[in-house]
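Colleague: Hi! I'm new to this one, could you walk me through it?

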Amino acid sequence: MQFSRRRKNHVANPQMELYGHALQFYGKPPLENISLTEFETFAVDRLKLLKIVESLGVSHVKLSEPYKHKLEYESKVLNLSHRLSTVRADEYEKRRKDHISHFILRLAYCQTEDLRRWFIQQEVDLFRYRFNDLYPEEKLEFLHINNLQYDRISAEEKENLKSELVNSSAVISGVVVEDQDFYKVPFQDALDLVRTRKVYLKAGYVYIPHQDIVAIVLNDFRTRLSKALALTARSLPAVHSDERLQPLLNHLSHAYVGQDYSNQKNVGKISLEHIDSLSGKSFPLCMRQLHQALRENHHLRHGGRMQYGLFLKGIGLSLEQALQFWRSEFIRGKVDADKFDKAYAYGIRHMFGKEGKRADYTPYSCMKVILSNPPSQGDHHGCPFRHSDPELLKQKLQFYKVSPSGVSQIMELVKGMHYQLACQKYFELTHNIDDTSFSLNHPNQYFVESQKVLSGGKDIKREKDPQSSQETAAARRSTPAQTTEPGTSQELTETTADLTPFFNDA
Amino acid sequence: MSSSDYDPACLPDLLPLYYRRLFPFFQYYRWLNYGGVQKNYFQNREFSFTLKDDIYVRYQSFSTQNELEKEMQKMNPYKIDIGAIYSHRPNQHNTVKSGTFQALEKELVFDIDMTDYDDVRSCCSAADICSKCWTLMTIAIRVLDRALRDDFGFQHLLWVYSGRRGVHCWVCDEAARKLSVAARSAVAEYLSLVKGGEETVKKVVLTEPIHPFISASLSEVERYFKQYALKGQDILGRKESVNKVLALVPEDILFTVWLLTSVAYYYDTTSFLQHTAKKNQHFEKEIMLQYCYPRLDINVSKGVNHLLKSPFSVHPKTGRISVPMDVKELDTFDPFAVPTISLICEELDQPRTGEVGEKSEDIKENEKDAAEKRRMRDYKRTSLAKYVKYFDQFLDQMASSWKGELLRKSDLQKEF
């Protein structure tokens, strides 16, 4: 048996064989023992990275220069960059961290549909960025290592389909068709290309030039991860029984939404008669729009009922109040009391966790409103800064008495795709303050902050400038790292308690 | 003439008759069993019923065709919905460990509803339809049927009239039934061109290059546009609708259009607009698409567990049966000629007039009992006959693929 001679010469460290490439499909879980400290640090660092991936994805076009630049910078800071380190030993450590941190987050994010969806989305985006950044040889090497083979079409078929191929994508020219190999792949393996109609589709197959093979790889990555998470979810009870891990995993899975406004501390503090005036004063634009549409049409479609209904729950409406509210409005329209009780009441009770699987649904965050379920004909939900025609948005803002200079500031932000910042600007202009002290990411947060301003008054108006508040936040973030020590579960609980301010800060 | 005879109050009397003597259970089971290729496919299928007084029951499932018949005849549902095939029998889902009861497969479905076109039709709104706006459904079917077949390679499409204001499409290919949620949503997005809600004025924006799918869909739309939009809907004939069209046209073109429309009454806009159109502006195409391109509800198509109205279900408000539509006769389909439950029940009482070409040898002899044979003769005496016949043809086409599958499987097990 002569294993040692078979080892490739350039691999000085035998462990590098485990990580033959900077990128991987995360097919095999790590098999080593790690300390609890590493467990935490790795997980937290990767989570930070995924959150950065998420926010960059909203405010930038993915794979644009600024996007790539920022993401590379942040990856380096967290020691999760895929680019080769200068020191070989460092490279191994980095790949190991990437591997382990991914699997730890799987444990935290496999538990619910929402968590899974979020995790998959960010991991796919991260993978897309990294793969895109590889040199062509490295890309080929990746395909080779992972045994990805696709059907090539003949030159004749290519020639016959030339005009369709050219017309199917802005990046495919006649030259590309002539020069590159084209592959025929079942459409189920290229969903992202199909979804955006960036590819030629015939009889269930998409035709892809070699340069675009990345989309297929991404789809593959997404499918594998999705299946793996479903499997992980089933083995979770065993993991949860380990007391050392459970607190940390719980913290991790709540971190990405920060406050989810699902606790019912403030139930019953709002009275129905105030909703109209509250909608003008303290509702973010999306909810104000929904409320107005509801009052005007005495009806809202499903998407609108969900978004607005859950928001109302978050501001403190009780189930009885909600039923009364929706019922009295719908009755003014085409729905009679009987029909309401049969058709719509069920949905409202469902929202409050009183029906079906009894899940207590949380009000939608800005991310969710902006990214999922875009409105179509007859809908009023979504984020006005994202989904409304710019002209109509302008008119609406003017109608709500925003000054012309304010309107143009907002429109600038909208043009730059900074929807949440635009909403924050709207907050500032309608509350007559210079700077919000918070970073907006949830409609209910808008409401809470608004109520603070309107009732607390003076001391909130001139907040300490954004610079210093960021500094204090950063200072708080660095403390937990200094207090981590490996050891007993007691210490771990203390450590995780120290992490709480970090997570709530998000 | 049939619609005026229908009275929703009569449903409790008509439904028992319908389910006992007219509902095509044999064909229905033949469809949902899919040739018995997969074990428990029919048994694990969820049905939901809406009963009298709006009582809604989910997670109904049946072991055999007979059981389905007996239950339906007992409950006399006002509405029937079909859901997914689950991992376990839906009527036993409470006994299954939480988390393991899952929707596994279902046909890929589409729901086109006329209310989604309210911003572009002037003749009706909300639940009303007329022969003028029905063309929108015809266009939708043409566009989607072509795309699902030519682009996606699907072959077994069942188009069904919903009974009031829309149509449904059931894509029954095996590959379609096995699609994931992500795949279904990708297919639906590929097929979507009209985007935006109340707050969006211009809902279709085209950029170079024009994808072959869009060109092919446009050809389908163009076939009907002149007759439908310019004559039927008269979009250039009234000031408000002209303004709506103009809102979609770039400003530099508007002056020319204003000039010309104030002088003459235009029908053939496409050619004159092409003269003035600059390169890369496709507004005449965008206008046609915004007015006519199918509007799908993505949420209906996305979910594997989504419940959709069953073919041959009755629409309680109109009394019309949700009948399968023969695409070969699409241009002559008239939603107002679709039989109502009261019509076909009435026809049952009439003496046999000897339908042409309908003989009982058409039916397979084997396991049919007398009641079954009688029921088959029954529906053939009514206006429902042609729709069931078309459904039969659809099933025959699919059956050859099942035979192939069964042979393959038995080969694998070496059973002969």
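Modeller: Happy to; we can go through the chains, the interface and some salt bridges. Keep in mind that this is a predicted model.

Colleague: Thanks! How many helices and strands does chain A have?

Modeller: Chain A has 27 helices and 4 strands. Of its 506 residues, 47% are buried.

Colleague: And what does its outside look like, in numbers?

Modeller: Chain A exposes about 26,000 Å², and carbon and sulfur atoms supply 51% of that area.

Colleague: Which part of chain A has a UniProt domain annotation?

Modeller: Residues 277-447 of chain A carry the annotation "domain: DNA primase large subunit C-terminal", which comes from an unreviewed UniProt entry. That span is 64% helix and 0% strand, and its end C-alpha atoms lie 13 Å apart.

Colleague: Switching topic: how many residues are in contact between chain B and chain A?

Modeller: On the chain B side there are 40 residues, in contact with 36 residues of chain A. Together the two chains bury about 2,800 Å², with 53% of it on carbon and sulfur atoms.

Colleague: How many salt bridges cross that interface?

Modeller: The rule finds 3 salt bridges there. Between the two chains, B:D54 pairs with A:K342, with the closest N and O atoms 3.8 Å apart.

Colleague: Why would side chains pair like that at all?

Modeller: Side chains of opposite charge can pair when their charged atoms come close.

Colleague: How many are there over all chains?

Modeller: The whole structure has 51 salt bridges. One of them joins A:D125 to A:K62, where the closest N and O atoms are 3.1 Å apart. This pair links distant parts of the chain, 63 residues apart: A:D125 sits in helix α5 of chain A, while A:K62 is in the loop between α2 and α3 of chain A.

Colleague: Are those two buried or exposed?

Modeller: A:D125 counts as buried because its relative accessible area is 3%, under 20%. A:K62, at 33%, is partly exposed.

Colleague: What about pairs within chain B?

Modeller: B:R146 and B:D151 form a salt bridge at 3.3 Å, and both residues are buried. Another joins B:D326 and B:K328 at 3.8 Å, N to O. There, B:D326 is partly exposed at 21%, and B:K328 is exposed at 72%.

Colleague: Last one: which residues of helix α3 of chain B are buried?

Modeller: They are B:Q65, B:L68, B:E69, B:M72 and B:Q73. These residues cover an arc of only 125 degrees around the axis, so they lie on the same side of α3(B). After α3(B) comes B:N76, whose phi is positive, near 45 degrees.

Methods: Residues are numbered from 1 along each chain as its sequence is written. Chains are lettered from A and ligands numbered from 1 in the order in which they are written. This is a predicted model: local features need pLDDT of at least 70, side-chain atom pairs count only at pLDDT 80 or more; totals for chains, interfaces and linings use all residues. Side-chain values use heavy atoms; hydrogens and water are left out. Helices (H or I, at least four residues) and strands (E, at least two) are DSSP runs, numbered from the N terminus. Buried means under 20% relative accessible area, exposed over 50%, partly exposed in between (1.4 Å probe, protein chains only). Accessible areas come from the Shrake-Rupley method with a 1.4 Å probe; for residues, only the protein chains shown count as cover. UniProt positions are given in the numbering used here, feature names are shortened, and annotations may be inferred rather than shown by experiment. The arc is that of the directions from the helix axis to the C-beta atoms. Contact means heavy atoms within 4.5 Å. Buried area is the accessible area (1.4 Å probe) that two parts lose on being put together, summed over both. A salt bridge is a side-chain nitrogen of Lys or Arg within 4 Å of a carboxyl oxygen of Asp or Glu.
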